[in-house]
Amino acid sequence: MSKKIKAAIIGPGNIGTDLLMKALRSEVIEPVWMVGVEPDSPGLARARELGLKTTAEGVAGMLPSMQEDGVQICFDATSAYVHAANSREVNARGAVMIDLTPAAIGPFCVPPVNLADAVAARAMNVNMVTCGGQATIPLVAAVSRVQAVSYGEIVATVSSRSAGPGTRKNIDEFTRTTASGIEKVGGAQRGKAIIIINPAEPPLIMRDTVHCLTVDEPDQAAITRSVQDMIAEVQQYVPGYILKNGPVFDGKRVSIYMEVEGLGDFLPKYAGNLDIMTAAGLRTAEMYAQEILAGNFTPVAA
Amino acid sequence: MDLKGKKITVHDMCLRDGMHPKRHQITVEQMVDIAKAMDEAGIPLIEVTHGDGLGGASVNYGFPAASDEEYLTAVCKEMKNTKVSALLLPGIGTVDHLKMAVDCGISTIRVATHCTEADVSEQHLTMASKIDGLDRVGFLMMAHMIEPEELLAQLKLMEGYGANCVYITDSAGYMLPDDVTARVALARAELKPETELGFHGHHNLAMGIANSLAAVEAGANRIDGSLAGLGAGAGNTPLEVFIAVCERMGVETGVDLFKAMDIAEDKIVPMMDHMVRVDRDALTLGYAGVYSSFLLFAKRSAQKYGLSSRDILVELGRRRTVGGQEDMIEDLALDMARQRGAL
């Protein structure tokens with residue numbers, strides 16, 4: 001077995017558990033810690049059964065032994081409110097933090113667009129934007145790498161069952177953070193994000209629409225090719241990332257209609273919105289791990 | 001039905017829901033002119049926003065002729081007695097928009113969610129509760145899709161977040177009077193007595209007036225409508241007609257009926273791009289339970305891809321789409337066109 005980089009997952013909820021399932025298959029990441037706050041959390045119990053060390057004392061419960069245990073990468077799947085404190089603590093012990101919360105204290109990372117930049121910059125904290133951002137920003141970037149995009153807008157429709165209490169209590173954070181990601185990572189001059197929650201049963205698979213307005217007349221052939229290439233990139237870590245229709249060209253409007261089905265590791269398949277977050281988080285960690293294993297990068301206490 | 005002596009507040013929708021049939025192109029000048037006439041006619045409350053609420057300006061819903069800020073600023077400063085409301089759909093608009101609208105001079109914020117998703121309004125209603133004197137309305141859309149008991153639980157959530165008034169909204173114009181009675185009566189019995197109750201109708205099955213009367217009888221005291229019915233689908237409850245019926249039944253609205261009729265006839269109807277009426281597609285909305293603002297999007301996609309707009313609308317109903325899913329319409333039309341070999 002080749003050498004793996006050890007990782008900790010903070011937050012044993014649905015996201016953290018799905019991430020654990022994926023990480024257990026990784027060739028370069030070895031999950032060794034699951035951190036929670038509820039002693040009888042089923043997520044902690046499951047992690048224990050799978051051989052991980054666990055604590056219900058929060059990050060403080062892992063800190064004393066994390067360096068000894070060789071943890072170099074942490075994932076935060078808790079909430080924006082506690083993320084900053086978590087990040088400080090693990091950074092101080094030389095581990096890179098991959099932020100799956102909407103806290104966004106580190107640079108945004110959308111793997112097929114700018115992961116290489118984040119790794120090259122040796123960022124000790126990277127933020128995974130939002131589920132809608134992971135599903136749509138690659139396509140805004142696919143258009144903007146062909147020609148200038150004056151405005152990028154995305155509509156993410158998720159099933160009611162896949163929208164957790166955190167998202168619901170602070171839905172503005174989704175729209176703001178996603179819009180910002182459309183600009184900073186997607187390359188649109190102005191971004192807008194819309195989220196719709198649909199309670200239909202059986203639950204609908206996540207749908208995403210991307211509308212771009214180009215500055216000049218769109219180069220249809222080049223944009224279509226670029227979009228198809230980008231979809232293939234995302235499919236490497238989310239196989240259920242499917243182009244339903246488009247790109248449709250209407251004047252300077254370019255519209256792309258997507259469906260995102262998850263792998264169904266721990267989360268149900270319709271929750272592609274959650275799956276794409278955990279998959280993107282793991283993909284990011286793997287790239288850091290490869291750099292560490294190749295001797296190009298040694299995370300140091302910051 | 002005996003409603004004699006009841007006092008209600010009518011709320012005009014021309015300058016918000018009416019933005020849908022106008023493709024959000026009502027000008028600031030038109031808004032100010034109409035709002036001043038409504039003030040003169042004694043209409044107590046009017047809504048002014050993009051059709052899809054604050055922040056609705058988008059490719060998905062349409063870019064308006066002016067910004068929410070421009071519309072609200074211009075209208076609010078001209079009002080003598082009439083108060084102005086703004087609509088906000090969490091997921092589209094944010095608390096930043098809410099604060100902006102308050103600074104423009106609105107007196108009422110209406111926070112709207114799909115009928116099963118009231119908890120996404122917590123952030124906005126809680127924030128609104130901290131603003132002195134702001135009238136806070138929780139607005140549950142597509143209320144025909146769930147049973148009265150389930151709807152009550154969602155209304156209670158909004159009441160708990162600080163709404164002093166909650167609305168049962170028939171966004172699809174699907175409800176019949178008994179549906180309205182069941183929902184409003186249960187809410188009236190179970191919500192706090194001081195919480196006001198409202199009903200927002202669409203006229204797709206020509207039930208706007210009958211449903212609004214049923215709502216008043218069951219305990220609602222705020223009723224939405226729009227003069228000449230300018231609104232999505234077959235329009236809202238035609239307000240001048242409702243006011244006339246209220247006068248006949250002894251319900252007090254405080255509105256000058258003839259002035260309201262004149263605004264409808266002389267200002268609103270001439271402004272319409274198409275006659276807002278129960279045409280085949282609007283009737284389909286009501287029959288199939290589809291969000292009323294999908295109407296023009298379905299007509300446009302039907303024309304572009306050589307399909308029947310009725311077929312598109314029926315399929316949108318079958319898939320249980322909710323308000324805001326306008327992006328689904330072109331996607332669905334492309335699927336249908338492909339299936340029929342037209343692409």
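**Cavities and pockets, up close**

**View 1. The second largest cavity.** Of the 17 residues lining the second largest cavity, B:Arg16, B:Asp17, B:His200, B:His202 and B:Tyr291 sit nearest its centre. A cavity here is a set of points, on a 1 Å grid over the protein atoms alone, where a 1.4 Å probe fits but cannot get out, and lining residues have an atom within 4 Å of a point. This is a predicted model, with local features needing pLDDT of at least 70, side-chain atom pairs counting only at pLDDT 80 or more, and totals for chains, interfaces and linings using all residues. Residues are numbered from 1 along each chain as its sequence is written, and chains are lettered from A in the order in which they are written. The space comes to about 130 Å³, volume being what probe spheres set on the points fill, with points joined across faces, edges and corners.

**View 2. The largest cavity.** This one holds about 190 Å³. Its 17 lining residues include A:Ile197, B:Pro90, B:Thr113, B:His114 and B:Gly323, which lie nearest the centre. β8 (191–198) of chain A and β4 (108–114) of chain B each give two or more residues to that lining; strands are DSSP runs of E, at least two residues, and helices are runs of H or I, at least four, numbered from the N terminus.

**View 3. The second largest pocket.** A pocket is an open set with protein on both sides within 12 Å along at least five of seven lines. Here the volume is about 500 Å³. Among the 24 lining residues, A:Arg253, B:Val59, B:Asn60, B:Phe297 and B:Arg300 are closest to the centre. α11(B) gives the most, with 6 residues.

Note on methods: Heavy atoms only, no water.
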